[in-house]
Amino acid sequence: FPFPYTPYRIQEQFMEALYGALEAGRVGIFESPTGTGKSLSLICGALSWLRDLEERKRQEEARLLEGLSPAEPGHPGSTDTAGEPDWVTAFVQRKEERDKVDRLKEEQIRRKKREDRLEKIRNNVQLKYAAKRKRSEEDETKRLLQLSKEAVSQGAGADVLDQLDHNEEELILAEYESDEEKKVVSGLEEDDDDLEEEHVTKIYYCSRTHSQLSQFVREVQKSPFGKDTRLVSLGSRQNLCVNEEVRRLGALQLINDRCMEMQKNKHEKKSDEENEGKKRRVNRAVCPFYSYEQMQFLRDEVLVEVKDIEQLVSLGRETKACPYYGSRYAIPAAQLVVLPYQMLLHEPTRSAAGIKLKDQVVIIDEAHNLIDTITCIHSAEVSGSQLCCAHSQLSQYMERYRKRLKAKNLMYIKQILYLLERFVAMLGGNVNQNPGCQTVFQTGTVLKSINDFLFQSQVDNINLFKVQRYCEKSLISRKLFGFVERYGGSATAVKNNKENQKLAGLQNFLLTLQQGSDKEGDPPVEAENDQLRAASPLMQIEGFLTALTNANQDGRVILNRQGTVGQSSLKFLLLNPAVHFAKVVEECRAVIIAGGTMQPVADFREQLLSCAGVDPARVLEFSCGHVIPPENILPIILCNGPSNQQLEFTYQTRDLPQMMDETGRILCNLCNVIPGGVVCFFPSYEYEKQVYAHWEKTGLLTRLATKKKIFQEPKKANQVEQVLLEYAKCIKRCNQAGGQMTGALLLSVVGGKMSEGINFSDDLGRCVIMVGMPYPNIKSPELQEKMAWLDKSMPRAAGQAPSKVLIENLCMKAVNQSIGRAIRHQKDFASILLLDHRYARPAIFNKLPQWIRERTQVKPAFGSAFAELRKVRTSLSCT
């Protein structure tokens, strides 16, 4: 490279490119390998630009307030009044200037108030203690009031309302007033709308996981901007809720529904208190942390000092304020908003969180799987068991509370029941029978367009938009879950209550459903799915109904009929992720898509940006080199093995004994010369298992074990950490003890638990081996439909069909992620071996990351590759 191998120089280049993209309002695809300080570069580049922008705005404001008009011919803010008299033109221009000056004065006043308030909180410690003392006094008052209420209720006795007890009253749906969407201001009191601040120009930083966001916030705290940056961390209720009663529900959807219900109860409490002369409903639970005053205090604390999610939750418990809504209050005034990119990419979630993207900057980090994420967010799947279970639960609910439900509630419930009945019929079943016992005669997978599915299931006369809106606004899934929770316990408890005798059918149905799914021959159910099974299946079905409201050309419905109705499923597959990404790109001033390994970037340009209508001139690509010197990495494409067997791991040849033997010989030779850890990636779990069994049978596994202790990647996620711990301990022990065994060999799987997010740095990964090319299953109906859609929608590129390009890109993205596990910092070194002669083809070779591609050697024979590995090992040992 033409510059020194120092992180600072690469950071400087990265920041310059980022600054230019933000200034010009581009959509940037930025690639920066691990070890180049990508997070720090993103912070410093973006915040530097934001500070400059704020300074320019203030200078412009000062000029305007001094009476110097910036309006010039061709200025974007000037009005075209061609053909009008001069006095009209002058009047219009003066009015525009006065209006702009008035707006600027108001903005300055708001900014001054905000800065004064935050400065006061930052410096006045007594204010914090006063707030704490006030909260303690309020808590004591509430406690005394509660004690007095309990004493009164014990003296008066408990009233029974319409023969329903206190808990059952909460299960009844409130009256659904309108089919039209109403304006809902999440987290704001009805009379507090005018208190919402105007959004300042800000940066939305998104990443994939909670841990990555926490790491980013720590980088901000250490950066030069850490002390005076207004940063807000957003998360789900599952991460931010401090109400233990709600947190115990566990499932995210249950927590969301319960939280929204408690808010609704708080608003209804006011109207109940006004009707003192009338018969009032029993008091419903409200959240003690949903206090507007305390959430305002928490908002100011968040803006004063940079805090990650853990610190935000601790602050919420201390101040007795809701961190979920308190952090939302801080969004308008924040300069940097940190959030998971699932929250930003899903428009309803984005809108509910109060995120406004107009003229803002969005940075999406770890974006290599951005297309898959968007597709996953907007796809949905429901099983036959869930459909039948939901129908049974909902019909029992309707029968129980028919006399208490309003007409519109009954109408929508009947529509949902009809939808469930028709969906089960499409799978070849009947909702009135146990799905585990209903055999499906016409098995197989069928793909249908949305319109065809709706017409054939005879539900095209139902407005799915209204049904979906009803489910969302009425919280019916939460009510239904409470109903099942109450009557889904032991059958004895239900039968002992004469009033609830008729509900025994629900318990019997659930019992037979469980017995049907647990019979011999069925696949074992993971423990992590138990929580989902306990929740109302209507929650899953709501997601499927929402997916069906997509445009007909943007998705497909997959009918998967397998064995029984319970094992069959309906799945919505989103084909065009750009339709949900288009609004983000249109509204934002600039969008930066960043990652350590973004190659091949053609998918982002064509499937995401081109289909979203982004002008190619607006797209900027930037890829910087790695911080390591050339001699610290040795990538080799190996075409032949030790016995001159050509390496081509196609579906037809990879199962041959001679191919598996050749792979074993390569590993035996490499393990003899490579110290520390060796990570070997296979295309699938099945192939890895097959090769392992063959090596065990031929005795090759024993030969390997003399040099390296062998570990296998587990399928279960909860076992991964233990395997990695044992793998690391073994390598450390061998390094310290010396002897014949020099380390460990880890057999992993592309796309598995260890191919992404795991750091095989230093001795944990001195060599990464890729066995074959992990092409996706071409026979998958979902992939075939995606390929057909691309061939119809996208132009041919360089004489290749878009479907073929997609297959190659999916393969190489998986390869690039896996081989990137080795080099993790500036002084790290490793070898990379690609075992397949097809990697040398130009179309494939050019899709390797630039920093690997420039140093890759193609070796036709194993002897020359082995000599190169020995030479590199000797030179590194000397240094």
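Visitor: Is Thr 375 buried or exposed?
Guide: Buried, with a relative accessibility of 15%. Buried means under 20% relative accessible area, exposed means over 50%, and partly exposed lies in between (1.4 Å probe, protein chains only).

Visitor: What kind of model is this?
Guide: This is a predicted model, in which local features need pLDDT of at least 70 and side-chain atom pairs count only at pLDDT 80 or more, while totals for chains, interfaces and linings use all residues. Residues are numbered from 1 along each chain as its sequence is written, and side-chain values use heavy atoms, with hydrogens and water left out.

Visitor: Back to Thr 375. Where does Thr 375 sit?
Guide: In helix α15. Helices (H or I, at least four residues) and strands (E, at least two) are DSSP runs, numbered from the N terminus.

Visitor: What does Thr 375 touch, beyond its neighbours in sequence?
Guide: Leu 574 and Pro 577, once neighbours within four places are set aside. Contact here means heavy atoms within 4.5 Å. Asn 576 is 201 residues from Thr 375 along the chain, yet their C-alpha atoms are separated by 7.9 Å.

Visitor: Zoom out. How many helices and strands are there?
Guide: The protein chain has 35 helices and 18 strands. It runs to 879 residues, and 51% of them count as buried. Take the contacts with a separation of 6 or more: 81% of them link residues 24 or more positions apart.

Visitor: What about the largest nonpolar core? Which residues touch the most other members?
Guide: Phe 30, Ile 819, Leu 834 and Tyr 839, out of 71 residues in that core. Helix α2 (residues 38–65) gives the largest share, eight residues. A nonpolar core is a set of buried Ala, Val, Leu, Ile, Met, Phe, Trp, Tyr and Cys residues joined through side-chain atoms within 4.5 Å.

Visitor: Which residues does Leu 834 touch?
Guide: Ile 636, Ile 637, Leu 638, Met 770, Val 815, Ile 819, Tyr 839 and Leu 848, leaving out residues up to four places away in sequence. Another core, of 70 residues, lies apart from the largest one, and includes Cys 259, Tyr 329, Met 343 and Phe 604.

Visitor: How do α17 and α24 pack?
Guide: Helix α17 (residues 407–426) meets helix α24 (residues 538–547) at about 85°, with the axes 12 Å apart. So α17 is roughly perpendicular to α24. Axes are lines fitted to C-alpha atoms, for helices over the stretch in contact, and angles run from 0 to 180 degrees between N-to-C directions. Angles under 35 degrees count as roughly parallel, over 145 as roughly antiparallel, 65 to 115 as roughly perpendicular, and the rest as oblique.

Visitor: Which residues meet there, from α17 and α24?
Guide: Ile 416, Leu 419, Leu 420 and Phe 423 of α17 face Leu 538, Ile 541, Phe 544 and Leu 545 of α24. That is eight nonpolar residues, no polar and no charged. Ala, Val, Leu, Ile, Met, Phe, Trp, Tyr, Cys and Pro count as nonpolar, Asp, Glu, Lys and Arg as charged, and the others, Gly among them, as polar.

Visitor: And at what angle do α31 and α32 cross?
Guide: Roughly 130°, for α31 (residues 781–793) and α32 (residues 802–819), whose axes come within 8 Å. The two helices are therefore oblique to each other. Their contact has seven nonpolar residues, one polar and two charged.

Visitor: New topic. How many disulfides are there?
Guide: The count is zero, where a disulfide is a pair of cysteine sulfur atoms within 2.5 Å.

Visitor: Where is the cis peptide bond?
Guide: Between Gln 599 and Pro 600, with omega about -10°. Pro 600 lies in the loop between β10 (590–595) and α26 (602–610).

Visitor: What is the phi of Asp 359?
Guide: About 60°, a positive value although Asp 359 is not a glycine. Asp 359 sits in the loop between α14 (347–352) and β5 (361–364). It is partly exposed, at 47%.
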